[in-house]
Amino acid sequence: KPLTQLGVFGNPIEHSLSPRIHSLFAQAQQEHVNYQRYLATSGRFSRSVAQFFCHGGRGANVTLPFKQDAARLVTQLTERAQLAGAVNTLISSKSGQLVGDNTDGEGLAIDLENKGFKVSGRSLTIFGAGGSARGILPLLLAQQPKHLYLINRTVEKAEALKSELKALGLAEANLVQVLSSASAIEEPVELLINATSSSLTGQCLTLPPILADDACGYDLMYAAKPTVFMHQLTQVGCKKVSDGLGMLVEQAASSYQLWMGGERPDTTSVMSELRKSS
Ligand code: NDP
(Lines give C-alpha, C1' and ligand atoms only; values in the text may rest on other atoms or scores of the structure.)
Protein backbone atom coordinates (compact mmCIF):
# COMPACT_ATOMS: atom_id res chain seq x y z
CA LYS A 1 0.00 0.00 0.00
CA PRO A 2 1.25 3.59 -0.66
CA LEU A 3 2.64 5.64 2.23
CA THR A 4 0.15 8.17 3.64
CA GLN A 5 1.61 11.37 5.13
CA LEU A 6 -0.20 12.60 8.25
CA GLY A 7 0.81 14.95 11.05
CA VAL A 8 -0.09 17.23 13.93
CA PHE A 9 0.56 20.99 14.28
CA GLY A 10 0.74 22.69 17.67
CA ASN A 11 2.90 24.51 20.21
CA PRO A 12 4.06 22.86 22.45
CA ILE A 13 4.00 19.61 20.48
CA GLU A 14 6.92 17.46 21.66
CA HIS A 15 4.80 15.49 24.18
CA SER A 16 1.91 14.81 21.80
CA LEU A 17 0.78 11.19 21.86
CA SER A 18 -0.90 11.50 18.47
CA PRO A 19 1.99 9.95 16.44
CA ARG A 20 1.91 6.89 18.71
CA ILE A 21 -1.89 6.57 18.57
CA HIS A 22 -2.06 6.86 14.78
CA SER A 23 0.82 4.40 14.32
CA LEU A 24 -1.08 1.89 16.46
CA PHE A 25 -4.23 2.41 14.35
CA ALA A 26 -2.20 1.96 11.14
CA GLN A 27 -0.54 -1.18 12.49
CA ALA A 28 -3.89 -2.71 13.46
CA GLN A 29 -5.40 -1.85 10.06
CA GLN A 30 -2.24 -2.89 8.15
CA GLU A 31 -1.85 0.53 6.54
CA HIS A 32 1.36 2.36 5.67
CA VAL A 33 1.30 5.71 7.53
CA ASN A 34 3.94 8.33 8.44
CA TYR A 35 2.53 10.65 11.16
CA GLN A 36 4.87 13.49 12.27
CA ARG A 37 4.78 16.28 14.87
CA TYR A 38 5.14 19.85 13.54
CA LEU A 39 6.04 22.67 15.94
CA ALA A 40 4.20 25.75 14.65
CA THR A 41 4.59 29.41 15.58
CA SER A 42 1.76 31.92 15.28
CA GLY A 43 3.46 33.83 12.43
CA ARG A 44 4.18 30.69 10.44
CA PHE A 45 1.23 28.40 11.17
CA SER A 46 -0.59 28.83 7.84
CA ARG A 47 2.66 28.63 5.83
CA SER A 48 3.69 25.40 7.61
CA VAL A 49 0.28 23.84 6.93
CA ALA A 50 0.37 24.91 3.25
CA GLN A 51 3.85 23.40 2.86
CA PHE A 52 2.75 20.10 4.41
CA PHE A 53 -0.17 19.74 1.99
CA CYS A 54 1.90 20.92 -1.02
CA HIS A 55 4.32 18.09 -0.26
CA GLY A 56 1.59 15.47 -0.46
CA GLY A 57 0.13 15.44 3.08
CA ARG A 58 -3.24 13.66 3.23
CA GLY A 59 -4.42 15.01 6.56
CA ALA A 60 -3.36 16.63 9.80
CA ASN A 61 -4.51 17.31 13.32
CA VAL A 62 -4.33 20.78 14.83
CA THR A 63 -3.91 21.31 18.53
CA LEU A 64 -3.35 24.08 21.07
CA PRO A 65 -3.32 27.02 20.35
CA PHE A 66 -4.13 26.97 16.60
CA LYS A 67 -7.62 25.46 16.32
CA GLN A 68 -9.34 28.77 15.64
CA ASP A 69 -6.57 29.87 13.22
CA ALA A 70 -7.11 26.58 11.37
CA ALA A 71 -10.84 27.35 11.01
CA ARG A 72 -9.92 30.60 9.20
CA LEU A 73 -7.37 28.89 6.97
CA VAL A 74 -9.44 26.19 5.27
CA THR A 75 -11.45 26.49 2.05
CA GLN A 76 -14.36 24.46 3.45
CA LEU A 77 -15.69 23.81 6.97
CA THR A 78 -17.88 20.89 8.03
CA GLU A 79 -21.04 21.85 9.90
CA ARG A 80 -19.68 20.77 13.29
CA ALA A 81 -16.42 22.67 12.73
CA GLN A 82 -18.44 25.73 11.75
CA LEU A 83 -20.49 25.39 14.95
CA ALA A 84 -17.31 25.04 16.97
CA GLY A 85 -15.47 27.85 15.16
CA ALA A 86 -12.44 25.59 15.64
CA VAL A 87 -10.75 22.86 13.60
CA ASN A 88 -8.79 19.88 14.94
CA THR A 89 -8.72 17.88 11.69
CA LEU A 90 -7.53 19.05 8.27
CA ILE A 91 -8.31 16.92 5.23
CA SER A 92 -7.00 17.34 1.71
CA SER A 93 -9.97 16.51 -0.50
CA LYS A 94 -9.73 14.83 -3.90
CA SER A 95 -10.77 18.09 -5.59
CA GLY A 96 -7.84 19.92 -3.97
CA GLN A 97 -9.87 21.68 -1.26
CA LEU A 98 -8.60 21.93 2.31
CA VAL A 99 -11.46 20.80 4.52
CA GLY A 100 -11.61 21.59 8.25
CA ASP A 101 -13.49 19.30 10.61
CA ASN A 102 -13.75 18.99 14.38
CA THR A 103 -13.81 15.57 16.05
CA ASP A 104 -13.21 16.78 19.65
CA GLY A 105 -16.88 16.87 20.63
CA GLU A 106 -17.51 13.42 19.18
CA GLY A 107 -14.42 12.05 20.98
CA LEU A 108 -15.54 13.44 24.34
CA ALA A 109 -19.17 12.32 23.88
CA ILE A 110 -18.06 8.74 23.11
CA ASP A 111 -15.70 8.64 26.10
CA LEU A 112 -18.25 10.13 28.56
CA GLU A 113 -20.76 7.52 27.40
CA ASN A 114 -18.17 4.70 27.77
CA LYS A 115 -17.47 5.86 31.33
CA GLY A 116 -21.14 6.30 32.28
CA PHE A 117 -20.72 10.07 32.91
CA LYS A 118 -24.21 11.38 32.13
CA VAL A 119 -24.89 14.78 30.55
CA SER A 120 -28.61 14.72 29.84
CA GLY A 121 -30.67 16.41 32.61
CA ARG A 122 -27.50 17.12 34.66
CA SER A 123 -26.03 20.31 35.99
CA LEU A 124 -22.67 20.89 34.24
CA THR A 125 -19.72 23.17 34.85
CA ILE A 126 -17.37 23.67 31.89
CA PHE A 127 -14.10 25.51 32.51
CA GLY A 128 -12.59 27.23 29.46
CA ALA A 129 -13.67 29.11 26.35
CA GLY A 130 -10.84 28.24 23.96
CA GLY A 131 -10.65 25.92 20.96
CA SER A 132 -11.53 22.70 22.78
CA ALA A 133 -14.45 24.27 24.69
CA ARG A 134 -15.81 25.41 21.32
CA GLY A 135 -15.46 21.87 19.99
CA ILE A 136 -17.26 20.15 22.85
CA LEU A 137 -20.04 22.62 23.74
CA PRO A 138 -22.33 21.98 20.73
CA LEU A 139 -22.32 18.23 21.44
CA LEU A 140 -22.85 18.68 25.19
CA LEU A 141 -25.74 21.10 24.60
CA ALA A 142 -27.30 18.67 22.11
CA GLN A 143 -27.58 16.16 25.00
CA GLN A 144 -29.79 18.64 26.89
CA PRO A 145 -28.17 19.22 30.26
CA LYS A 146 -30.30 20.86 32.99
CA HIS A 147 -27.91 23.82 33.34
CA LEU A 148 -24.50 24.58 31.90
CA TYR A 149 -22.19 26.98 33.73
CA LEU A 150 -19.45 28.26 31.42
CA ILE A 151 -16.49 29.52 33.44
CA ASN A 152 -13.56 31.44 31.96
CA ARG A 153 -11.10 33.79 33.66
CA THR A 154 -11.41 36.09 30.61
CA VAL A 155 -15.16 36.30 30.98
CA GLU A 156 -15.65 38.27 27.72
CA LYS A 157 -14.47 35.24 25.73
CA ALA A 158 -17.08 33.03 27.39
CA GLU A 159 -19.77 35.70 26.82
CA ALA A 160 -18.84 35.84 23.12
CA LEU A 161 -19.00 32.06 22.87
CA LYS A 162 -22.42 31.97 24.55
CA SER A 163 -23.72 34.62 22.09
CA GLU A 164 -22.50 32.54 19.15
CA LEU A 165 -24.15 29.41 20.53
CA LYS A 166 -27.39 31.34 21.07
CA ALA A 167 -27.30 32.79 17.55
CA LEU A 168 -26.99 29.24 16.21
CA GLY A 169 -30.01 28.19 18.26
CA LEU A 170 -27.91 25.89 20.45
CA ALA A 171 -28.31 27.60 23.80
CA GLU A 172 -31.77 28.50 25.08
CA ALA A 173 -32.23 31.59 27.23
CA ASN A 174 -31.40 30.26 30.71
CA LEU A 175 -29.53 27.09 29.86
CA VAL A 176 -26.01 28.57 29.65
CA GLN A 177 -24.78 30.87 32.41
CA VAL A 178 -21.41 32.58 32.03
CA LEU A 179 -19.24 33.30 35.09
CA SER A 180 -15.65 34.32 35.71
CA SER A 181 -15.43 31.97 38.69
CA ALA A 182 -17.26 28.79 39.71
CA SER A 183 -17.48 30.12 43.29
CA ALA A 184 -20.77 31.87 42.40
CA ILE A 185 -22.61 28.64 41.44
CA GLU A 186 -25.43 27.99 43.91
CA GLU A 187 -26.71 24.53 42.95
CA PRO A 188 -24.94 21.15 43.35
CA VAL A 189 -22.90 20.42 40.23
CA GLU A 190 -23.08 16.91 38.77
CA LEU A 191 -20.46 16.95 36.01
CA LEU A 192 -17.34 19.14 35.88
CA ILE A 193 -15.24 19.32 32.71
CA ASN A 194 -11.89 21.10 32.55
CA ALA A 195 -11.37 22.41 29.00
CA THR A 196 -8.71 24.94 30.03
CA SER A 197 -4.97 24.43 29.74
CA SER A 198 -4.55 25.01 33.53
CA SER A 199 -3.32 21.46 34.03
CA LEU A 200 -0.54 21.99 31.49
CA THR A 201 0.97 24.56 33.86
CA GLY A 202 -0.13 22.74 37.03
CA GLN A 203 -2.47 25.50 38.21
CA CYS A 204 -5.57 25.02 40.40
CA LEU A 205 -9.07 26.10 39.39
CA THR A 206 -11.69 27.45 41.82
CA LEU A 207 -14.28 24.70 42.16
CA PRO A 208 -18.02 25.21 42.66
CA PRO A 209 -18.92 25.35 46.40
CA ILE A 210 -21.33 22.37 46.24
CA LEU A 211 -20.86 19.12 44.33
CA ALA A 212 -23.58 16.44 44.01
CA ASP A 213 -22.86 13.20 45.93
CA ASP A 214 -22.37 11.33 42.65
CA ALA A 215 -20.52 14.16 40.86
CA CYS A 216 -18.13 13.18 38.06
CA GLY A 217 -15.07 15.12 36.91
CA TYR A 218 -13.27 15.06 33.56
CA ASP A 219 -10.02 16.81 32.62
CA LEU A 220 -9.44 17.05 28.87
CA MET A 221 -5.71 17.00 29.54
CA TYR A 222 -3.91 13.67 29.62
CA ALA A 223 -0.81 13.09 31.75
CA ALA A 224 0.84 9.94 33.03
CA LYS A 225 -0.10 11.03 36.59
CA PRO A 226 -3.50 12.42 37.71
CA THR A 227 -3.75 16.13 36.84
CA VAL A 228 -4.02 18.95 39.40
CA PHE A 229 -7.74 19.28 38.54
CA MET A 230 -8.29 15.55 39.19
CA HIS A 231 -6.46 15.90 42.53
CA GLN A 232 -8.58 18.89 43.50
CA LEU A 233 -11.77 16.94 42.79
CA THR A 234 -10.61 13.83 44.65
CA GLN A 235 -9.77 15.97 47.66
CA VAL A 236 -13.33 17.30 47.87
CA GLY A 237 -14.75 13.77 47.73
CA CYS A 238 -15.47 13.32 44.02
CA LYS A 239 -15.18 9.56 43.38
CA LYS A 240 -15.39 9.41 39.60
CA VAL A 241 -12.64 11.42 37.92
CA SER A 242 -11.04 10.89 34.53
CA ASP A 243 -8.29 12.35 32.44
CA GLY A 244 -8.64 13.01 28.72
CA LEU A 245 -6.88 9.93 27.32
CA GLY A 246 -10.17 8.35 26.22
CA MET A 247 -11.23 11.53 24.43
CA LEU A 248 -7.79 11.83 22.82
CA VAL A 249 -7.96 8.30 21.42
CA GLU A 250 -11.62 8.59 20.34
CA GLN A 251 -11.14 11.92 18.54
CA ALA A 252 -8.04 10.45 16.89
CA ALA A 253 -10.04 7.42 15.71
CA SER A 254 -12.63 9.75 14.16
CA SER A 255 -9.89 11.75 12.38
CA TYR A 256 -8.13 8.59 11.18
CA GLN A 257 -11.35 7.28 9.66
CA LEU A 258 -11.92 10.63 7.89
CA TRP A 259 -8.45 10.47 6.28
CA MET A 260 -8.21 6.78 5.52
CA GLY A 261 -11.85 5.74 4.95
CA GLY A 262 -12.78 2.19 5.93
CA GLU A 263 -13.65 1.09 9.43
CA ARG A 264 -13.29 3.16 12.58
CA PRO A 265 -10.11 1.90 14.32
CA ASP A 266 -10.49 -0.13 17.51
CA THR A 267 -9.76 2.20 20.45
CA THR A 268 -9.83 -0.18 23.45
CA SER A 269 -6.55 -1.93 22.60
CA VAL A 270 -4.83 1.40 21.86
CA MET A 271 -5.93 2.86 25.21
CA SER A 272 -4.63 -0.09 27.20
CA GLU A 273 -1.36 -0.04 25.22
CA LEU A 274 -0.89 3.67 26.09
CA ARG A 275 -1.77 3.18 29.78
CA LYS A 276 0.70 0.29 30.00
CA SER A 277 3.58 2.34 28.64
CA SER A 278 2.88 5.58 30.55
P1 NDP B 1 -6.84 27.15 24.04
O2 NDP B 1 -5.48 27.78 24.10
O3 NDP B 1 -7.67 27.33 22.82
O4 NDP B 1 -7.70 27.70 25.29
C5 NDP B 1 -7.16 27.71 26.57
C6 NDP B 1 -8.24 27.98 27.61
O7 NDP B 1 -7.68 27.73 28.89
C8 NDP B 1 -8.75 29.41 27.63
O9 NDP B 1 -10.12 29.39 27.99
C10 NDP B 1 -7.90 30.05 28.74
O11 NDP B 1 -8.50 31.13 29.38
C12 NDP B 1 -7.83 28.89 29.71
N13 NDP B 1 -6.67 28.91 30.64
C14 NDP B 1 -5.36 28.77 30.33
N15 NDP B 1 -4.61 28.76 31.45
C16 NDP B 1 -5.47 28.89 32.50
C17 NDP B 1 -5.31 28.95 33.90
N18 NDP B 1 -4.12 28.88 34.48
N19 NDP B 1 -6.42 29.10 34.67
C20 NDP B 1 -7.64 29.16 34.10
N21 NDP B 1 -7.86 29.11 32.77
C22 NDP B 1 -6.79 28.98 31.97
O23 NDP B 1 -6.62 25.60 24.39
P24 NDP B 1 -7.53 24.33 24.00
O25 NDP B 1 -8.94 24.66 24.30
O26 NDP B 1 -7.20 23.86 22.63
O27 NDP B 1 -6.98 23.20 25.01
C28 NDP B 1 -7.30 23.22 26.41
C29 NDP B 1 -6.84 21.90 27.06
O30 NDP B 1 -7.57 20.80 26.56
C31 NDP B 1 -5.37 21.55 26.87
O32 NDP B 1 -4.87 21.05 28.10
C33 NDP B 1 -5.39 20.44 25.84
O34 NDP B 1 -4.29 19.58 25.98
C35 NDP B 1 -6.68 19.75 26.19
N36 NDP B 1 -7.30 19.03 25.05
C37 NDP B 1 -7.45 17.67 25.13
C38 NDP B 1 -8.05 16.98 24.12
C39 NDP B 1 -8.23 15.51 24.21
O40 NDP B 1 -8.50 14.90 23.18
N41 NDP B 1 -8.14 14.91 25.37
C42 NDP B 1 -8.54 17.65 22.90
C43 NDP B 1 -8.38 19.07 22.95
C44 NDP B 1 -7.75 19.73 23.98
P45 NDP B 1 -8.38 32.66 28.81
O46 NDP B 1 -9.41 32.76 27.74
O47 NDP B 1 -8.70 33.48 30.00
O48 NDP B 1 -6.97 32.82 28.32
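1. In which sense do strand β3 and strand β5 pair? Strand β3 (residues 59–62) and strand β5 (residues 89–92) pair in the antiparallel sense over three bridges; strands are DSSP runs of E of at least two residues, and helices runs of H or I of at least four, numbered from the N terminus, while pairing requires that DSSP finds at least two bridges between two strands. Gly-59 has Ile-91 of β5 as its bridge partner.

2. This is a predicted model, in which local features need pLDDT of at least 70 and side-chain atom pairs count only at pLDDT 80 or more, whereas totals for chains, interfaces and linings use all residues. Residues are numbered from 1 along each chain as its sequence is written.

3. The order of the open sheet of six strands is β2-β1-β3-β5-β6-β4, with mixed pairing. Its edge strands, β2 and β4 (76–77), each pair on one side only.

4. Seven bridges join strand β1 (residues 4–10) to strand β2 (residues 33–39) in the parallel sense.

5. The shell around the ligand has 12 nonpolar, 15 polar and four charged residues; Ala, Val, Leu, Ile, Met, Phe, Trp, Tyr, Cys and Pro count as nonpolar, Asp, Glu, Lys and Arg as charged, and the others, Gly among them, as polar. Helices α5 (104–115), α6 (131–142) and α9 each supply at least two residues of this shell.
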